[in-house]
Amino acid sequence: MERMISAWIQSKCKGRVSMKNVAKKVIIYSMVGLLHVGVFVSAAEAAAPGQNEPPRYEHRDEHRQRELEKEKERRLHEENVYHEKQMKRRPFESKKSWHERQKKENERHEKAVREIMRMGHR
């Protein structure tokens, strides 16, 4: 192996074999080799499948999702309390106007619940 290396060095140095020339060539070829390895590694990193986002973003999304669910539950609870209050008959109200108001309140309530459940899906 040493003979092959020394023969290759002599062929490249054209008869002038000195330690200074050998050291220069070793350094230069090492740098070129490192450059090739660096280009290959960066290309391999860029082409890695499924590694687009670091995992820390997933944690943020989970936290945001939990907060959104809590907000939905809070708003839904408030809406249900309001709806129950509105559905009760008032002392001065006739049955006919009470039923009309109940019908409108049911429509408003259904629309409000749909809107709450749609939160975060925009």
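Modeller: The account below concerns the salt bridges and the exposure of their residues. This is a predicted model, in which local features need pLDDT of at least 70 and side-chain atom pairs count only at pLDDT 80 or more, while totals for chains, interfaces and linings use all residues. Residues are numbered from 1 along each chain as its sequence is written, and side-chain values use heavy atoms, with hydrogens and water left out.

A search of the whole structure gives seven salt bridges (a side-chain nitrogen of Lys or Arg within 4 Å of a carboxyl oxygen of Asp or Glu). One of them joins Glu 78 to Arg 74, with the closest N and O atoms 2.6 Å apart. These two residues lie four residues apart in helix α3, and so about one helical turn separates them. Helices are DSSP runs (H or I, at least four residues), numbered from the N terminus. Glu 78 is partly exposed at 45% relative accessibility, as is Arg 74 at 40%; this term covers values between buried (under 20% relative accessible area) and exposed (over 50%), with a 1.4 Å probe and protein chains only. Arg 74 and Glu 78 also belong to a network of salt bridges with Glu 71.

Helix α3 spans residues 56-87 and holds Glu 69 and Lys 72, which are three residues apart, about one helical turn. Their salt bridge has its closest N and O atoms 3.9 Å apart. Glu 69 is partly exposed at 33%, whereas Lys 72 is buried at 9%.

A further salt bridge links Arg 118 with Glu 115 at 3.6 Å, N to O. Here Arg 118 is partly exposed at 44%, and Glu 115 is partly exposed at 33%.
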